[in-house]
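Work through the exercises below with the structure in view. Each task is followed by a solution in steps.

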Amino acid sequence: MSDEARAAVRAAYFAFDRFPSSKGSAVHIGHMAAELFARFDGGLLGVLGGGGLPRYQREPGGVEIARFGEQIPNLLDRAEAFSGWVAAHLEPHRATLRICHVRDPWSALPVVTLPDRGYRVVYEVNGLPSVELTHTRPSVTPATLAKIADLERVCLDRADAVVVPSRVIASALSRRGVPETKLHLVPNGADVRDTTARPDGAPDRYLIYVGALQPWQGVDVLLRAFARLADLTDLRLVICSSVPERRARPLRRLAERLGVADRIVWRFTLPHPEVAAWLVGAAVSVAPLTGCARNLDQGCAPLKILESMAAGVPVVASDLPAVRELMTDGEHGRLVPADRPAELARALRVLLEYPDAARAMGDRGRKRVMADFTWSASRSRLADVYDTVTL
């Protein structure tokens, strides 16, 4: 990028996530960054790379994408290196930058601590590493988690606005001392598409799970529930995983032990339009989130539920506060107690036995998304936040 182009950068967005990718986080980044750059005539998007993605690329509208590509096995070492990378990419633009949107503490720390910064910082919190690492990396010591929590506190304190996708996450941050005046609710969204062609090789009748495979997603609970539906011999379970096949090995072994492996269709890291096609053809979509601290105390904002509703598919999900922000039991699907395979199986069986009622729930879910949870509405709310901090 030329010096003249660098001087014109007024907006930046940094995220410790690969972009693009099949994960929901990439969908979210795409929409939020697009709104930022539309309002500030382009800018810099700094994200993770790898997988053959270019280190730098220019996009229409004056957008430059820079990708951190260092292959550092240890997550925390990689996060620390990413923070240094963000600082280096921020420095050339400090004189012209008006706003910087960050998505995690690794991105936020160099942005909020730059001396004499003249730009505003919007810190988007979809999850807290000090909470999530206890589930994904149990070997991380309490002392390290405490240090990460301190880092999060610095970032939250020094940000000009904090954006959250759910009221549950907002409450968690309030308990950490973030003033309500600084918190802004910007829910996730979904695209309501026209009818999509049925995927080649799709079973005649299937349940679907869409998303990642971390323990808090409850896919193991879903497999145990599915085993209780063995008498429905024509029923299949489709798992559209947003992560590579190697991460599914423990769950595939569990499916073997439960005797359901031959009734499961696995799809990995599909492009988003293909996932949408699988959703449209499903009888029921399942979001079996567990009742762990990550989902209850910190909160979550499951994109899979909104995308299922947008596809007109009834949803059976765990009855968690964050889920109740998106759907209503008996209206858009069914809510069941978390971590209860028998109750999950029972709710699925009822919807399968009453397809007309299930279709009506799916239709109401689609209308709910169109009324309250489009990406257009989310972007409009985000635009209001940018106006608030920059005017």
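**Exercise 1: a strand and its partners**

H101 stands opposite V122 in β6. The model is predicted, so local features need pLDDT of at least 70 and side-chain atom pairs 80 or more, while totals for chains, interfaces and linings use all residues. Residues are numbered from 1 along each chain as its sequence is written, and side-chain values use heavy atoms, without hydrogens and water.

Task: Find which strands pair with β6, and in which sense.

Step 1. Strand β5 (residues 99-102) is joined to β6 by four bridges, and the two run parallel. Two strands pair if DSSP finds at least two bridges between them; strands are DSSP E runs of at least two residues, helices H or I runs of at least four, numbered from the N terminus.

Step 2. From β5 the chain passes through helix α4 (residues 105-112) to β6, a right-handed β-α-β crossover (clockwise from the first strand over the helix to the second, with the strands pointing away from the viewer).

Step 3. Strand β7 (residues 161-164) pairs with β6 over three bridges, also in the parallel sense. There, A161 is the bridge partner of V122.

Step 4. In β6 (residues 120-124), four of the five residues are buried (under 20% relative accessible area, 1.4 Å probe, protein chains only; exposed is over 50%, partly exposed in between).
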